[in-house]
Amino acid sequence: MSLRGRTAIAGLGITEQGKVYGRTPLAFAAEAVRLALDDAGLTRADVDGLLVNPGLSWGDLGMASFQLQQAMGLRDLRLTSSMNSGGATAASMIQYAALAIASGQCRAVACVFSDAPLKPPRPAGEAKGGGGSAGAYAFGRGLDAAYGQFGVNAMYAMVAQRHMHRYGTTNEHLGAIAVAERQWANRNPAAQFHDTPMTLADYHRSRWVVEPFHLFDCCLVSNGGLAVIVTSAERARDLRRPPVYLLGMGQGHPGGDPVETLTSGAPLAKEAAFAMAGVALADIDVAELYDCYTFTVLVTLEDYGFCAKGEGGPFVAGGGIAPGGALPVNTGGGQLSAFYMWGMTPISEAVIQLRGDGGARQVADARVALVSGNGGILSTHATLVLATQC
Amino acid sequence: MSTPAAGKPIPAITPEMRPFFEGARRHELRVQRCRGCGALRFPARALCSACLSTDSEWIAVSGRGEIYSFNVMHQVYHPGFAAEVPYTVVLVQLAEGPRMISNLVGIDAHAVRVGMPVRVVFETLSDEVTLPKFTPA
Ligand SMILES: [Zn+2]
């Protein structure tokens, strides 16, 4: 039996985002769930499922869901887990929640991500660390460290450089994505870069982090929490806000070497999601794509087939994904210019657009949204097709 | 991995990687070869992802290859590299198959190109650790 249209997102909770200090990830998570319940018109007693994607700063990752259950006084859950498949986790959590609801195991599942990796700025004169981008995370050990290869930025940069070599992709292309997302952020009061415009020249002037990535190729680091409530379509229709129906879903985890394939798990995930939803690319009104880097957006556009493989650069160069373009992408400013809640950022923006809550950035007649999550080094992928009707 | 004061990180010689470091000390670049199917792999792994055999040996390769990809690090992630930024990290496609992360020496960071032929050179870090690096061939 198809899950198409049988479940819906009924509640959305977004805490304050960005340089918000003094709160623990647990506190952010609890606040996000409370906001999502208020939004849906539900109470704690209605929640019988809880899925948690703990960010980097949680600490004891394995018990995050239990910690949150205790902190919120949630009783008699029928489903709970802490989950991690990188940036695909958020969309995956929605999928597991939908499975639990459609099969009758649960009636309302809260899915939440939170993190608080940003620390307050140190006094002037003191040495500054990381540098404000995802580069703050210094992974790397053993031989890689001996060669100076640290962090996720560096690994994605290797993939991007190979894409540039093979397909002629340039920093002009990557910059077009950064600029487009900033233009969307300038229309979103909740975006960290709401008040800061960016031109292509600004992009080129921004410092290099790891060539071929400028600072503005890399996603933000944000403190905050974000939660959604998934319930049955029937029940969602009786709740406070318009249901955002889950039409289709899929995952794809290719397992190859991304530097060689230059391809994400999107093709596999899309196949299942679009078949379930009964949609084609032409039906997509807004695309909310996982953007840990500008480059990830480029590859994802190729892998869903919005353009041919290798043609992502020319596809974005003309402003086609910016406000007024043919394909609105990351309409809230995305994780590059709004806030980085791993894959929860694109999900939240799809809900906002499909409810018509986008204000100055609202895309007219947005009825079907594509949402992607991507994790690892193009290693994990999850797709949601969300819609105003089923 | 240990970090001498103000120096670069020196990789720990793990049991799995010991044959690699022993080879490097003698200026021999080694990779792992599966005794089940003959596939080469690097860095060391407990089992072959091609045939799942856990039986393997280390063999010397030519040290020749080409740049498969690269990046130029501008951000300082470790104080040992502070004086060198921007520096280049390369992904070398060895002639025999496996790819390895390394550094390119004897060339300006911005002169590196994908497809550039390279050969291995060795840099002694300590009595125990010699690090294979690459230079334009
Ligand atoms: Zn084998």
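**A walk through both chains**

Reader: Where is B:R99 found?
Author: Let's go by DSSP runs, numbered from the N terminus: helices are H or I runs of at least four residues, and strands are E runs of at least two. On that basis, B:R99 is found in strand β6 (residues 99-103) of chain B.

Reader: Before we go on, what kind of model is this?
Author: Residues are numbered from 1 along each chain as its sequence is written, while chains are lettered from A and ligands numbered from 1 in the order in which they are written. Side-chain values use heavy atoms, leaving out hydrogens and water; local features need pLDDT of at least 70, side-chain atom pairs count only at pLDDT 80 or more, and totals for chains, interfaces and linings use all residues, since the model is predicted.

Reader: Back to B:R99, then: is it buried or exposed?
Author: Buried means under 20% relative accessible area, exposed over 50%, and partly exposed in between (1.4 Å probe, protein chains only). B:R99 has 17% relative accessibility, so it counts as buried.

Reader: Which side chain makes a polar contact of 2.6 Å with the side chain of B:R99?
Author: A polar contact is a pair of N or O atoms within 3.5 Å; within protein, one must be able to donate a hydrogen and the other to accept it, and residues adjacent in sequence count only if both atoms are side-chain atoms. One such partner of the B:R99 side chain is that of A:D257, at 3.0 Å. Plain contacts (heavy atoms within 4.5 Å) of B:R99, beyond four places in sequence, include B:F42, B:Y68 and B:L91. The 2.6 Å polar contact is with the side chain of A:E260.

Reader: What omega does the cis peptide bond from B:F42 to B:P43 have?
Author: Most peptide bonds are trans. Here B:P43 lies in the loop between β2 (40-41) and β3 (56-60) of chain B. Its cis bond from B:F42 has an omega near -5°.

Reader: And from which residue does the cis peptide bond to A:P212 run?
Author: A:P212 sits in the loop between β5 (208-211) and β6 (213-214) of chain A. With omega near 10°, the cis bond to A:P212 comes from A:E211.

Reader: What is the positive phi of B:L52?
Author: Most residues other than glycine have a negative phi. B:L52 is in the loop between β2 and β3 of chain B, and its relative accessible area of 58% makes it exposed. Its phi is positive, at about 70°.

Reader: In which loop is A:D365 found?
Author: A:D365 also takes a positive phi, near 55°. At 55% relative accessibility, A:D365 counts as exposed. Its loop lies between α14 (344-355) and β10 (368-375) of chain A.

Reader: At what angle do helix α1 and helix α2 of chain A pack?
Author: Two packed helices are described by the angle between their axes and the distance between the axes. The axes are lines fitted to C-alpha atoms, for helices over the stretch in contact, and angles run from 0 to 180 degrees between N-to-C directions. For α1 (residues 25-40) and α2 (residues 64-72) of chain A, the axes are 10 Å apart and the angle is about 65°.

Reader: Which residues of α2(A) make the contact?
Author: From α1(A) come A:L26, A:A29, A:A30, A:V33 and A:R34. Facing them from α2(A) are A:Q67, A:L68, A:A71 and A:M72.

Reader: How far apart are the C-alpha atoms of A:L12 and A:A236?
Author: A:L12 lies in strand β1 (residues 7-14) of chain A, and a relative accessible area of 11% makes it buried. Among its contacts are A:L35, A:V228 and A:I352. A:A236 is 224 residues away along the chain, yet the C-alpha separation is 13 Å.

Reader: Which backbone nitrogen does the side chain of A:S232 reach?
Author: A:S232 is in strand β7 (residues 224-232) of chain A, and it is buried, at 18% relative accessible area. Its side chain reaches, at 3.2 Å, the backbone nitrogen of A:R235.

Reader: Over which residues of chain A does pLDDT stay under 50?
Author: pLDDT is the predictor's confidence in each residue, from 0 to 100. Chain A has a mean of 94, and 94% of its residues reach 70 or more. The stretch under 50 is residues 125-140.
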